[in-house]
Amino acid sequence: MLPQLPSIAHVPDFAAELNEQQLAAVTTEARFSLVIAGAGSGKTRTLTYRVAWLLAHGVPGWRVLLLTFTNKAAREMLERVRKLVGPEAGDIWGGTFHSIANRILRRHAPLLGYRPGFSIMDTDDQKALIRNLVKKHIGKQSKTSPFPKGDTLLSLLSLAVNTMRPPEQTLREDFPQLLKHEDTILKIIADYTSRKREANTMDFDDLLANLHLLLEKHSEVRELYSRRFLHVLVDEYQDTNALQDRIIKQLCTGESTGLMAVGDDAQSIYSWRGAQVDHIFEFTKNFPGADVFKIETNYRSVPAILDISNAAIARNERRYVKTLRPARPPGNELPTVVPAPDNHTEAQFVAHTIRQLLDSGMKGREIAVLYRAHFHCLDVQMELTRQHIPFRITSGLRFFEQAHVKDVIAYLRLLANPYDEMAFRRIAAMLPRVGEASGSKMWQTWTQALKKHETECPDEPVRDFGGLMLPAVKVPPAAQASWSSFLATMSSLRPADHELTPAEMISRVLLDTEAYFTVHYENYEERLEDIEQLSRSMSDTESLDDFLAQVALLSEADRDHVEGNDDCVTLSTIHQAKGLEWKVVFIIFLGEGMFPHSRTIYSSDPREMEEETRLFYVAVTRAQDLLFLSYPRYNGHNPDSHFCPPSQFLTSLPPELYELGEA
Ligand code: ATP
Ligand code: MG
């Protein structure tokens, strides 16, 4: 037994706050352990208490690594731990695999040949780069045999990286329809990879791939971290992919590093991104001597919702069958299935019901509307707006993807990494009369000047951008004044005698971009406010690298947090609702062909329908008290067939488990 240290501010009463099965997992002395249990059984809670338990027994926070599905989840869990045991929680490394990879690579990426201060490409940059390369390699598209879109190539590459297979193998196995373009596709992918390298940037997948490479090639770094972390804890383990799993193993190669993973095989919904639920099944083989814990009580949902959840997942054959007992007493109401005449009526029903709930004292944040695909929420969005019901939406164009925010951030990215071609080109395109061709020329001369500077003053970041670049980079005469002003701004961001905070940098950049914004964006005042909000929301971030990493690494599900509004109804895709819970949940567009998706219905691979079924299970298990399942009988959004039968997920539910409602 670990010694109990008196220095901890407050030791929680573990036995009172956990059930027996949870307590067994929290207090285990096994080096490796897996907690496998159904939705809402307290897996995340168990992991949180496990961290508290470790701290309460003398493990220093800095020796704990907590890997979660979103950075927000990690923050919330650590906040919980802080409340349980006090400030020791502050030193814990917690976040997504990507953010932890970033943290480690910031220190060691030069070992892999990167320059210090690499930048992170966001999805937009990736798309822009690959589209450019497709254009370069293909020229004009042939009408008879159109070349795949850049986005498809990115999906292929991403799947290859995350499943640790070469692109050619992934192409053959998962994208056979593209085989006729194999040579060109592979050339484009090779070109994409080297362009990222030259620009000293990594995309999201590179963060994981490079962390893996770093730990593989540099045993001293692997030892450093596997010795540092005494305990690695992983939430949502069912959705780790091959690469993430390998990284976990690398971190656990230390003699005593312990691992606790929690997950639910019935909630694995990311196989399209290479997640492999098999990791859960193979856990005891991969980590010999591992203990497996099960939790069989559900704390989240009223029994009637639990019945629906159990019926929903019963369609799939499962390897780990979990019988969940409800901890909560029965509620008064059965879940409601609502066939609406059409999509507008469905949206009106949702908005109207939400209005009633709010009027009866419920908070907006206790309500969620969930759907299979982003566009399913358009009508609900409009209806809520019409009825003045505040909502936040975890889809669509996000804050950091908006043009004006990216314009400002491009300056900071270029400052941190002057080889960042995407950032440079964005800024060049803001100059008058600079197009593709002159932009390319400018970029060439810019990098030549940088390399010269690097040879003459190694390890010295550029401070005087004007002095270095004005004589080196030729710009069209019409752009000269803006160019000089840009360079002066860049120099002002790095004064010789002190360092500016990112917020101060943003104010200076704004002085330079304001004129451009006024001319190019019609609602420029709002856009300026956005940027001021950005600088305020990040005001506690002191280092430029941290700031840029935060901007790039907020995963989709994290982002609404930054825009924060506490009392809003949540509109979210089911994928992004993983791990969360609400008192009231609406699942909309439950029509056959929409959810399950028509592709799945006609697929010859039964695994696709199984994953779709798990997605439905994830959706219904988000609900605590009330659940509404609705669909439009007439769907104006579907050009092929307006008539929409109910989803097989609904028709296969035993009718005694729900009541029929009317829209
Ligand atoms: P998911 O599979 O959706 O991620 P989960 O298994 O991680 O769910 P949690 O989110 O940890 O479940 O817990 C679900 C709810 O049940 C939370 O509100 C949690 O606080 C509550 N809960 C879990 N265990 C207990 C317990 N022993 N006593 C009281 N409440 C509990
Ligand atoms: Mg959870």
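Student: N200 sits in a loop, but between which helix and which strand?
Tutor: Ground rules first: this is a predicted model, where local features need pLDDT of at least 70, side-chain atom pairs count only at pLDDT 80 or more, and totals for chains, interfaces and linings use all residues. Residues are numbered from 1 along each chain as its sequence is written, chains are lettered from A and ligands numbered from 1 in the order in which they are written, and side-chain values use heavy atoms, leaving out hydrogens and water. Helices (H or I, at least four residues) and strands (E, at least two) are DSSP runs, numbered from the N terminus. On that numbering, the loop with N200 runs between helix 9 (182-198) and strand 5 (201-202).

Student: What is the relative accessible area of F589?
Tutor: F589 is in the loop between strand 15 and helix 27. It isn't a glycine, yet it has a positive phi of about 60°. F589 is buried, and its relative accessible area is 1%.

Student: Which residue has a cis peptide bond with F595?
Tutor: Look in the loop between strand 15 and helix 27 (598-601), where the proline in question lies. Omega is about 5° for the cis bond that joins F595 to P596.

Student: What is the bridge partner of A368 in strand 15?
Tutor: Strand 15 (residues 582-587) is mostly covered, with 5 of its 6 residues buried. On the side of strand 16, I587 has L629 as its bridge partner. For A368, the partner in strand 15 is V585.

Student: Between which domains does ligand 1 lie, and why?
Tutor: The domain assignment (bounds come from an automatic or database source) also lists domain 2 (119-199) and domain 4 (401-553). The shell around ligand 1 takes residues from two domains, so the ligand lies between domain 1 (14-106 + 207-295) and domain 3 (303-390 + 558-660).

Student: How far is a polar side-chain atom of R300 from an oxygen atom of ligand 1?
Tutor: A polar contact is a pair of N or O atoms within 3.5 Å; within protein, one must be able to donate a hydrogen and the other to accept it, and residues adjacent in sequence count only if both atoms are side-chain atoms. An N or O atom in the side chain of R622 is 2.7 Å from a ligand 1 oxygen, and a backbone N or O atom of G42 is 3.0 Å from one. For R300, the distance is 2.8 Å.

Methods
Buried < 20%, exposed > 50% of the residue type's maximum accessible area, 1.4 Å probe, protein only. Pairing = 2+ DSSP bridges.
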